[in-house]
Amino acid sequence: MLIAGAGVAGLAAAQKLTAAGQRVTILEARDRIGGRVFTHPASREFPIEMGAEFIHGKPPEIFDWIEQKHLPVNELDGEFWYTENGKLCTDEFPAERSRVFERMEKYRGPDISFRRFLDEFCNDLPSEEKQWAASYVAGFHAANTELISLRSIVEGEKAEEEIEGERQFRFSQGYGSLIDIMRQAIDPGLCQWRLNHVASEVRWRGGEVEIEGHSPAGEPLPRQRAQKAIITLPLGVLQLPAGTQGAVLFSPPLEKKREALSQLAMGTAVHVTLVFREAFWHDAALTRTPRGLRRMLFLFSDNPWFPTWWSKLPAGTRALTAWCAGPRAQQYCGQPTTFVEQNAAEALGQMLGVDSKRIASSLEAAYFHDWQADPFCRGGYSYVMAGGNEKAQRELAAPMENTLFFAGEATNSRGHHATVHGAIASGYRAAAEVLAAN
């Protein structure tokens, strides 16, 4: 059994298959496992996440591991701040009281884009209210509001309610602690690891799979053969046109997946963590706030460079993370870390009213990974385009001739795509399909 990709979907599938006595070989292009879950190895004082950071709610796919292995987590507890007319505010966040979301829940028409819904069904609402709602959708879903499916947003909100999605957690020792536990749960006697193995071609027919690969330097590697394979490649890689650098060729082509792939999109998301010598935002006089931002958990704004920020409460008070998602995040694709760092520092200064020189002098380090330019990812996480919510994810997940099986967050059709727990669930589902086909 071959598994292409050692992200959480691949790890979950491997754990279930080896537990059932199946032998697996995991092919991973990187020199590490975890995929878009990546806790920086230099993390010392507090974990620095380069990819996924939050646990959304209490999904069993993650909390079962937490409870069984006693992994320490912290529930997020702090203040939500936002800027309005250049002033820092901490009363009720505008998006939470928005009538846009109330109308979304009551909408019963055909699936349309979120932008079209705003224009046609919310044209009587104040422009500021609609703008906050649009910023929230673009930021949270890493999506283009002109493309994202309205129905998928509503169903995602309902799915979150089922797992207490209003609660947020972090792993005390970083998401990497989950990756370690998942790896340890895979039977070493039944699993072979092939890191630095870049898949370039998947040749398949009923009951037979052959994966051609090479090293990151381009050196050919031995072909890997099996009767079945689980493909966990990110949506951004699956969507690359044949012949494009980094594209994986399927022979014969995945014609039955073509429509599904055209109805899903890979969102753009950028986050950079800035570590400072001192938490200057705690100074009430400096930030012109009653108590400073000592209890600030999230800060939202309309800044064009980095509109969303969060702290590392309850630990890591010397660090702030800047977030930019959706179309505006494309401005950072392929840019050097220094460019991203400089824009983040300037955005922070503008929002807090702090001189940029003060921020620059206090900055100790910046951590950034360009997932859009990453050849093994090509984006942040997936979303459904208008009209595709009925079947796109299910069609992408459907096995082909009991030979190719598919997993990864983009294949989750239960409202949990774009999440770590959604990816884990897809790995479990694919493993169950494999076992049922034996």
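In strand β18, Trp323 is the bridge partner of Thr308; helices (H or I, at least four residues) and strands (E, at least two) are DSSP runs numbered from the N terminus. The model is predicted, with local features needing pLDDT of at least 70 and side-chain atom pairs counting only at pLDDT 80 or more, while totals for chains, interfaces and linings use all residues. Residues are numbered from 1 along each chain as its sequence is written, and side-chain values use heavy atoms, leaving out hydrogens and water.

Strand β17 (residues 308–311) runs antiparallel to β18 over four bridges, where pairing requires that DSSP finds at least two bridges between two strands. Strand β15 (residues 269–276) also pairs with β18 in the antiparallel sense, over seven bridges, and Ala269 stands opposite Ala325 there. Seven of the seven residues of β18 (319–325) are buried, that is, under 20% relative accessible area, with exposed over 50% and partly exposed in between (1.4 Å probe, protein chains only). Ala319, Thr321, Trp323 and Ala325 point one way, and Leu320, Ala322 and Cys324 the other. In a regular strand the side chains alternate between the two faces of the sheet.

Beyond neighbours within four places in sequence, Leu178 is in contact (heavy atoms within 4.5 Å) with Ile62, Trp65, Leu71, Phe171, Val420 and Ile424.
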